[in-house]
Amino acid sequence: SGGFADVYRYVRTKPAAAGKQEYAVKEVDIQKLSVRCGADQECLVRWIARLEYEVRNQLKLSGHPGVVTVHDAFVHRGHFYI
């Protein structure tokens, strides 16, 4: 857990035939970012651009043994998820 983002461990146990699958889910609270930036909207835009940059770089490195695989990235109800 950081200043504005949390990382959760998600374990999918079904279907049984597929076995147990584990994922890391990063949740960024856009509202907390907004409070951190205050009235500086350019600050908020830069933070969001950094998140998008992070996703693009992870996608470029997909398959590397030291980098997690990105399955999805989206915004839902004021939270950015990777």
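**Helix 1 in its setting**

Author: In this predicted model, the elements of the protein follow the order β-β-α-α-β-β from the N terminus on. The radius of gyration is 15 Å, well over the 12 Å that the globule rule gives for 82 residues, so the protein is more spread out than a compact globule. Along its principal axes, the C-alpha trace spans about 50 × 25 × 20 Å. Of the 82 residues, 23% count as buried. The protein exposes about 6200 Å², and carbon and sulfur atoms supply 54% of this area. Among contacts with a separation of 6 or more, 37% are accounted for by residues 24 or more positions apart. As for charge, the mean positions of the 12 positive and 9 negative charges are 6 Å apart.

Helix 1 is the part requested. Helix 1 comprises residues 30–37, and within it Ile30, Leu33 and Cys37 are buried. Viewed down the axis of helix 1, these buried residues fall within an arc of 55°, so they line one face of the helix. The face turned away from that buried side carries the exposed residues Gln31, Val35 and Arg36. What do the buried residues of helix 1 pack against? Their partners are strand 2 (21–29), helix 2 (41–60) and strand 4 (79–81).

The loop between helix 1 and helix 2 contains Ala39. Ala39 is exposed, and its relative accessible area is 78%. From C-alpha to C-alpha, Ala39 and Arg9 are 34 Å apart in space, while 30 residues separate the two in sequence.

Helix 2, one of the partners of the buried residues of helix 1, includes Gln58. Is the side chain-bearing residue Gln58 buried or exposed? With a relative accessible area of 17%, Gln58 is buried; the cut-off for that class is under 20%. Not counting residues up to four places away in sequence, Gln58 touches Val67, Val68, Val70 and Ile82.

Tyr10 itself is found in strand 1, which covers residues 5–12. The C-alpha atoms of Tyr10 and Gln21 are separated by 8.3 Å, although the two residues lie eleven residues apart along the chain. Tyr10 is partly exposed, with a relative accessible area of 45%.

The loop between strand 3 (74–76) and strand 4 holds Arg77. Arg77 is exposed, with a relative accessible area of 75%. In its backbone, Arg77 has a positive phi of about 50°, although this residue is not a glycine.

To return to the part requested, helix 1 has a buried side formed by residues including Leu33, and an opposite face where the exposed residues include Val35.

Technical notes: Residues numbered from 1 in each chain as written. Predicted model: local features only at pLDDT ≥ 70, side-chain atom pairs only at ≥ 80, totals over all residues. Heavy atoms only, no water. Helix = DSSP H or I, 4+ residues; strand = E, 2+ residues; numbered from the N terminus. Rg over C-alpha atoms; globule rule 2.2 N^0.38 Å. Buried < 20%, exposed > 50% of the residue type's maximum accessible area, 1.4 Å probe, protein only. Contact = heavy atoms within 4.5 Å. Areas by Shrake-Rupley, 256 points an atom, 1.4 Å probe, with all protein chains shown as cover. Lys, Arg positive; Asp, Glu negative; His and termini not counted. Charge placed at Lys NZ, Arg CZ, Asp CG, Glu CD. Arc of directions from axis to C-beta.
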